[in-house]
Amino acid sequence: MSQNATVTPSNLDDYPYGKKWAYFVLFLLFMLMMSNFLDRRVIIPLFPAIKAEFGLSDAQLGILGGAVNFTLPLLVFPVAYFLDRYSRKKLVGAMAAIWTACTLLCSLSTGFWSLFLYRLGVGVGESGYGPGSTAITADYVPKSKLSSALGFINSGASFGVVIAILAGGFITPRLGWKAAFALVALPGILFTILIFFIKERTNLPTAGANAAPARVPMIPFLKKMLTCPTMLLLFMANAAFILFQAGVNTWNTTLFVRVHQLPLEKASVLAAGLVVLSGVSTLLGGVVVDRLRRRFPKAPMICCAFFAFWTGLFYVWGFFFAPVDKQIMAIFIASLTVGGTTGPMMAAIVEISPSAAKASATSLMIIVQNIFGLAFGPILIGLLSDHMGLEASIGSLSLLCLISGVFYLLCSLFYARDKERAEIL
């Protein structure tokens with residue numbers, strides 16, 4: 001299986017290595033994405049058992065839960081820099097090996113500090129996966145299928161979160177929380193080994209018609225990306241949407257218990273259902289965009305705007321205008337499109353960036369997501385809730401979806417032009 005390969009330039013519909021290889025690699029990347037988020041989020045349902053054994057405070061549990069996000073934003077760009085210059089499969093495989101090994105080591109923790117250290121290690125490994133998987137996908141699938149492919153891979157994150165919730169809740173009462181860490185890490189070992197055997201185009205500069213793209217100088221690249229209208233608008237659109245999504249995902253279960261008086265078990269099932277729905281919408285959003293983009297060149301950005309507006313409008317209706325007994329229905333209707341922007345947005349980043357810097361360009365978005373969205377969404381809802389109540393805080397944050405939709409509409413004005421200038425520094 002393994003081997004670096006050279007491929008001829010592809011047109012809109014070419015699979016550089018053939019459909020079978022592409023489908024195998026996409027499946028492998030999907031499973032690694034699922035493993036990524038399974039290992040990242042499995043600690044959440046283990047909190048009560050960890051707290052009881054180590055005598056930790058809630059603040060310490062919060063630190064353990066967020067430890068991955070301490071290292072990931074710091075390392076994602078430096079790792080992406082090497083992903084664009086050396087073997088992507090080897091670096092992605094090495095990163096997967098690190099997060100898998102550190103998850104296994106969590107099962108050997110003897111206290112707060114050892115568990116914290118291993119969780120930081122999980123973040124080190126996961127820092128390279130988002131940029132690496134996006135760049136590998138762009139090498140394997142035609143441009144006409146890129147949104148679908150990236151939507152499929154990123155949907156693995158939602159399924160990984162659901163499995164983490166279910167696995168942690170099932171394993172811990174029977175075998176203990178340390179066994180939960182060990183068992184969820186095992187699937188990652190297999191997929192980590194397999195990634196080393198895929199074909200890849202070398203990133204080292206070569207001569208001839210089948211040459212790999214030349215290395216892109218970092219300073220001109222950063223200047224280009226940080227002055228590109230489409231990229232800047234994508235930053236703002238995605239930061240606004242992720243800020244909302246991260247906050248709501250964290251507080252959904254509490255909302256169902258506190259406001260709707262549901263038992264915890266039922267509230268957890270509903271929250272897990274919303275995560276599954278997010279994964280399905282991530283997959284379908286990419287498919288819809290790829291079907292429309294041939295006829296309507298601005299379809300990726302227009303569709304992202306529609307997805308954001310749909311989610312925002314139904315949340316606003318559910319939290320400000322609908323009766324309380326209709327609120328959960330409104331949330332589920334809103335969630336039909338909540339993941340739809342992911343594939344088209346990631347594909348757009350690939351399309352407007354130099355072909356030899358796809359991983360680096362993707363890493364910039366991941367930094368924005370983590371710093372401005374994932375880190376502050378849960379905190380912002382908590383702060384607002386203390387002053388205006390949980391319902392009003394979630395409803396207020398849903399206005400960010402509408403703001404995101406406006407930014408996506410503005411993206412459509414520059415998207416085609418910036419694609420044409422992708423290779424120009």
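Begin by selecting T192 and G188 in this predicted model: the side chain of T192 reaches the backbone oxygen of G188 at 2.6 Å. T192 is part of helix α9. Is T192 buried or exposed? Its relative accessibility is 7%, and because buried means under 20%, T192 counts as buried.

Next, display the surroundings of T192. Apart from neighbours within four places in sequence, T192 is in contact with L32, G93, A96, A97 and T100.

F197 is placed in the loop between α9 and α10, the latter spanning residues 218-227. With a relative accessibility of 39%, F197 counts as partly exposed.

The largest nonpolar core has 77 residues, of which Y140, I198, F221, M231, L234, I349 and Y408 touch the most other members. Select helix α1, residues 19-41, to find the largest share of this core, 12 residues.

Centre the view on L234. Which residues does L234 touch, when those up to four places away in sequence are not counted? They are M301, M345, A348, I349, I352, M365, Y408 and C411.

Finally, select L255, F256, L262 and F319. These residues are included in a second, separate core of 25 residues.

Note on methods. Residues numbered from 1 in each chain as written. Predicted model: local features only at pLDDT ≥ 70, side-chain atom pairs only at ≥ 80, totals over all residues. Heavy atoms only, no water. Helix = DSSP H or I, 4+ residues; strand = E, 2+ residues; numbered from the N terminus. Buried < 20%, exposed > 50% of the residue type's maximum accessible area, 1.4 Å probe, protein only. Polar contact = N/O pair within 3.5 Å; in protein donor to acceptor, adjacent residues only side chain to side chain. Contact = heavy atoms within 4.5 Å. Core = buried A, V, L, I, M, F, W, Y, C linked by side-chain atoms within 4.5 Å.
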